[in-house]
Amino acid sequence: MRKILIVDDEVNIGLLLSRFLTRNSFIVSTATSGVIAMDYLAKESYDLVLCDYRLEDTDGKEILIKIKEKYPSTGVIIITGYSDIKLAVELIKLGAYDYITKPLYPDEILNTINKAIDTQIALNVDKREGAQEAPKQKAVKPAYSPAENFVAGQSGASRELLKQIQLVAPTAYSVILTGESGTGKESVAKAIHLNSPRKDGPFVAMDCGSLTKELAGSEFFGHEKGSFTGALYTKIGHFEMANGGTLFLDEVGNLSYEIQAALLRTVQERKIKRIGSTKEIDLDVRIIVATNENLANAIQKGRFREDLYHRFNEFSINLPPLSQRGSDIMVFATTFLGVANQELGRNVQGFSQEVEDCFLTYNWPGNVRELKNVVRRATLLTESQEIQLKALPLEISTYAKASAIENSISKIEKPRDLKNAALEAEYEAILKVLREVNFNKTKAAKILNIDRKTLYNKMKAINLDT
């Protein structure tokens, strides 16, 4: 069993992470300060340190430097609520395996931890045996299997999506996944991988959205120790980690033109060189990319290489937004509830009728990701057998309430005369203000410049008072 040290001065976060990782077969210790963490490291060895960047007595950078000086065989991942790409570059050059930002998602954390430990094991084997070539990376075990992570759904749109996955999965085609943010593109990529001949190989996901020129080469291709200032250890890039399996590149449309050129050469030649090395490494990698923008438009604007696009676009799948998969909403919600129960050690049985009605009314601009996060949050807040309306974010319950009122207004028959047209406009104005203030009648009356009694009377006239 691998040993992990969590360093975070927020006790609740440390406790939640500790419970989650213990359930996933890790031996976990927690420290609430840098001093305590270094004391733990002096007494016993750890495979990995998961360290919050901002601590009361120090910061993640100082902890990282000390660990790499005294315990170079220990991997380090820095966690922070501040997304700063310059800081990320600095930390990675100092030897951090990765840098992740809050909010923390258990499946993503576990994925990153497994990759970090596998990489550190490979480096330690190289050092002990003097090996010239790093061993292939092991497949990463996600928090729950890709089969569970992908929810097929029952709607016509979902059935068509599943049909396309089953069609392309057994081939070696590169695939472009398109669709709005939050539609589940990584889950689809995992499903393709799981149903392919490469299913026993690694599935490696890489977020291209925030890559800079300084980070890109090292992240894609890796680097040798001493190849540039701050390269304190040998790093295996994502292409090499995915060898024999599938590499998923998310938000590929955000890559700079220069990085795209380097990618094109790799995709064409199926070979890479780590930065600072002259040795070529053969690649056997299937590439799946995802984007929420129109790459054809990006090509016309000169922001994306047409030759690279055609290399990727051997097959394309467009993921429908959740608003087009309405009959699947409760299927997804029930699945996410089961996952949240497992993550949080809860036993919530289902959703109240009010919550179900609310879910089916809401427009879900954040798609499947938003639904998953809402269910996880509600599961954490729920102490009873069913998730109640009070456990939902205010914007969702308010939206559903406003939609119901709008529907009731639309059903009222109104004579086609000027007086009633004016009344209808007045009621719409009242409803608009009520929604803006989350149905606080005192605030609404003040904004509308009328007294509360007048507002109540106007609301009562069209049953808005209920």
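**Helix packing and buried residues in a predicted model**

The structure is a predicted model, in which local features need pLDDT of at least 70, side-chain atom pairs count only at pLDDT 80 or more, and totals for chains, interfaces and linings use all residues. Residues are numbered from 1 along each chain as its sequence is written, and side-chain values use heavy atoms, with hydrogens and water left out.

The axes of H9 (residues 213–221) and H11 (residues 257–269) cross at roughly 15° and come within 10 Å. Axes are lines fitted to C-alpha atoms, for helices over the stretch in contact, and angles run from 0 to 180 degrees between N-to-C directions. Contact, defined as heavy atoms within 4.5 Å, joins Lys 213, Ala 216, Phe 220 and Phe 221 of H9 to Glu 258, Ile 259, Ala 262, Leu 263 and Thr 266 of H11. By class, 6 nonpolar, 1 polar and 2 charged residues make up this contact. Ala, Val, Leu, Ile, Met, Phe, Trp, Tyr, Cys and Pro count as nonpolar, Asp, Glu, Lys and Arg as charged, and the others, Gly among them, as polar.

The protein chain has 20 helices and 16 strands; these are DSSP runs numbered from the N terminus (helices: H or I, at least four residues; strands: E, at least two). Of its 466 residues, 50% count as buried (under 20% relative accessible area; exposed is over 50%, partly exposed in between; 1.4 Å probe, protein chains only).

In helix H3 (residues 60–70), the buried residues are Gly 60, Ile 63, Leu 64, Ile 67 and Lys 68. Their directions fall within an arc of 125° seen down the axis, so they line one face of H3. The arc is that of the directions from the helix axis to the C-beta atoms. Glu 69 and Lys 70, on the other side of H3, are exposed. In helix H15 (residues 353–361), Val 355, Cys 358 and Phe 359 are buried. They cover an arc of only 100° around the axis and therefore lie on the same side of H15.

Arg 325 is placed in the loop between strand S14 (315–318) and helix H14 (329–344). Arg 325 counts as buried because its relative accessibility is 2%. Apart from neighbours within four places in sequence, Arg 325 is in contact with residues including Val 151, Ser 155, Thr 183 and Phe 332.
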